[in-house]
Structure formats: structure tokens, C-alpha cells
Amino acid sequence: MIDNCDFRKAVDLIGGYNTVLLTTHTKPDGDACGCVAALCEVLTALGKKVQALMLTEVPQWYEFLFTEKAPVLGKDILAEQILQGRLGEVDLILIVDADSYSQLGDFEQFLKQNNTQYGRRHKPVLVIDHHVTSDGVGDVQLVDSSAAATGLIVLDLIKHAGWAVTERMAEALFVAIATDTGWFQFSNTDSRVYAACAELTDAGAKPTQVYDKLYNNFSHGRFRLMLAMLATLELHFDGRFAVQHILLRDFERTGTTYADTENLINECHRIGTVKASALFVELKDGRIRCSLRSKGGVDVSKIAAKFGGGGHKSAAGAYLPGPLENAKRLILDEIAGELGQTAGQ
Ligand SMILES: [Mn+2]
């Protein structure tokens with residue numbers, strides 16, 4: 001838990017600066033997008049100038065959260081251009097749902113230059129996060145790995161500061177919390193999650209509408225991508241570990257992109273015996289992106305960390321060297337250890 005003193009430090013830091021650069025991790029999920037959208041509203045309502053920056057593209061199904069599209073680093077703007085002031089003057093950097101350099105893509109370069117070259121002109125960094133893996137990126141850190149979503153910490157910050165929660169903020173934070181708990185299905189769903197969502201519903205969030213926007217909103221191509229993935233299912237270790245993959249040609253054939261893979265891994269957890277799962281996605285640069293999920297027994301963040309990745313106990317990921325069979329073997333060997341079996345079974 002975060003103590004009141006840290007919340008006070010964060011409120012004071014925000015109070016002391018007028019222009020805020022707000023960002024989150026690459027491959028932004030619902031928690032990342034919801035927190036950025038909610039904080040844009042909060043800070044704008046406080047009379048601040050807020051510039052949101054995305055480190056990779058926002059998936060189409062989260063676009064409804066934003067009143068205007070945020071620039072994407074590497075596509076709309078480069079890290080050097082931010083340092084040169086292309087996004088305007090920045091007083092304060094606010095990073096949500098990430099606290100490790102490996103989650104920040106090209107923004108790492110901006111942060112490291114901010115910390116070194118700029119010396120006395122160093123811009124303060126506030127981090128709000130709930131990941132277990134942490135590099136301590138911020139000057140002030142609101143980090144609570146017991147929180148199911150960063151959205152819960154953002155809501156606590158707003159309440160500590162006494163700022164008003166508008167309907168748009170309530171919807172954005174509801175999205176943050178509902179998506180990071182797999183719509184209240186994952187083992188991180190606790191009474192704090194339900195209590196926060198009750199408050200947000202009272203403040204104007206509409207759960208049924210949010211559900212339809214998020215989950216009953218597949219493109220035909222994305223549905224066909226899911227079918228291709230399901231057809232690759234392999235079960236290992238007496239059905240306890242599920243493995244699936246998506247190849248570059250599956251994206252080409254269905255007209256989809258990497259963003260369309262979000263949450264697809266969870267489908268195989270409908271199988272009663274499955275305790276943990278992996279989804280391997282072939283990338284254009286030859287690497288394999290491996291997403292890992294667990295129903296709670298296996299700590300997949302430990303496995304991801306062995307390969308330079310990170311995440312939570314029940315949801316984590318890492319980049320692995322290709323080809324696909326090599327990446328699968330690396331993970332199967334690790335999972336075998338966790339499940340107390342010999343790889344290959
Ligand atoms: Mn999160």
C-alpha cells in the first residue's frame with residue numbers, strides 16, 4: 001500500500017508544475033489507456049497544459065477513451081524532437097502503468113537524457129504503477145504491486161487530492177480496472193476492485209456500455225485471427241499448460257496487426273485443466289513475443305524476467321529469439337520446472 005505521505009508528495013509535485021507530459025508503456029492496454037485518459041481530464045480540469053504521448057499505437061477499441069488522438073513516439077514524433085521542445089515546454093513527466101525502462105521503448109532515451117545531459121534543468125518524473133518489476137524511474141513513486149490495476153492508484157490519488165471525478169474520468173478508470181482484472185475474472189480481483197468500481201459506477205461509468213465497447217467489438221479480421229490462433233493449440237503436462245502461436249502470415253491473411261492479439265491468449269483458460277498458458281507471436285524483426293498467463297499457481301513474471309521481460313504473477317511477457325520452435329522450447333523448459341515435470345511431456 002502507498003502511505004499518505006507519498007500521495008501528498010505526488011499532489012504537491014503536480015501542484016507545482018503547469019505543463020505535463022503524460023505517457024505509459026508500449027503496447028498500451030486498457031489500464032494504460034484508461035489511466036492516461038483519466039489523468040488528461042484531471043490535469044486539464046486543474047488548469048494544466050497536458051500533452052499525452054503514446055509509445056506505440058493505441059488499439060482501436062480503446063480510442064473511445066480519448067477526446068483527441070495522442071501522438072505516437074517513433075511515428076508522429078521522435079525522442080530527439082521532444083528534447084528539442086517539439087511538444088512544447090515540459091515541466092513535469094508523468095508515467096503511468098510502467099516503472100521499468102524495458103516497458104518504455106524509445107522513451108527510455110528521452111528519460112535518460114533528461115536525467116543526465118540536462119543536469120540542473122532535469123524535469124521531475126512522477127511514476128504511478130503496480131508492476132512487480134521496477135527500475136525506480138520516478139523522482140516520486142506511487143507504486144503498489146498489490147493493486148490489481150494502476151487505475152486503482154490513480155483513483156486513490158484523485159481522492160487524496162480532493163479532485164472531482166467526472167463521468168469521463170469514471171469511465172476511463174472503470175476501463176483501467178475492468179480490463180486489468182479480465183473483467184473481474186483474474187485472481188487479482190479483490191474487494192478493493194469491486195469497491196472502486198462501485199464508486200466509479202456511482203460517478204457515471206456505465207458497465208454494460210463499456211463491456212460492449214471493449215469486448216463485443218471485434219472486427220471480422222480479428223475474429224479470424226483468433227480462429228487461426230485457436231487452431232494451433234497444443235496442451236502439455238497433462239493439459240495443464242496451453243501453447244498457441246500466431247505467425248506473420250496470419251496477420252497478412254486476416255488484415256490485422258499485433259494490437260489485435262490483445263486478450264486472445266485468455267481464451268484457452270476456458271479449458272478446465274489449463275493452469276498456465278503461452279502465446280507466441282512472430283514479429284517482423286525475427287524475434288518472438290511471448291505472452292504468459294497463469295490462473296495463480298505458477299508465477300509467470302519470474303519466467304518472463306529470466307528472458308529480460310516482466311509483468312505480474314498471473315500475466316507477463318518477454319521477447320525471445322526466434323525461430324518459433326526455439327522460443328517454445330525455452331518456455332517449455334521453464335514451465336516444466338514450475339509444474340514439476342520433465343520438458344517434452
Ligand atoms: Mn496495469
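Guide: In this predicted model, a donor is an N, O or S atom within 2.8 Å of the metal, and water is not among the atoms, so a site may look incomplete.

Visitor: Which residues coordinate the manganese ion?

Guide: The coordinating atoms lie at 2.2 to 2.3 Å from the manganese ion.

Visitor: How are the donor residues of the manganese ion spaced in sequence?

Guide: The donor residues, in sequence order, follow the pattern D-x65-D-x32-H-x49-D. Within this set, Asp 97 lies in the loop between β3 (92–96) and α4 (107–115), and His 130 in the loop between β4 (125–129) and β5 (140–143). This pair links distant parts of the chain, and its members are 33 residues apart.

Visitor: Is Asp 97 buried or exposed, and what of His 130, buried or exposed?

Guide: Buried means under 20% relative accessible area. Asp 97 has a relative accessibility of 1%, so Asp 97 counts as buried. His 130 has a relative accessible area of 1%, so His 130 is likewise buried.

Visitor: How many disulfides does a search of the whole structure find?

Guide: A disulfide requires two cysteine sulfur atoms within 2.5 Å. The sulfur of Cys 35 is 9.5 Å from the closest cysteine sulfur, in Cys 33, which is too far for a bond. For Cys 197 the closest cysteine sulfur, in Cys 35, is 12 Å away, also too far for a bond. The number of disulfides found in the whole structure is 0.

Conventions:
Residues are numbered from 1 along each chain as its sequence is written. This is a predicted model: local features need pLDDT of at least 70, side-chain atom pairs count only at pLDDT 80 or more; totals for chains, interfaces and linings use all residues. Side-chain values use heavy atoms; hydrogens and water are left out. Donors are N, O and S atoms within 2.8 Å of the metal (3.2 Å for Na, K and Ca); water is not among the atoms, so sites may look incomplete. Helices (H or I, at least four residues) and strands (E, at least two) are DSSP runs, numbered from the N terminus. Buried means under 20% relative accessible area, exposed over 50%, partly exposed in between (1.4 Å probe, protein chains only).
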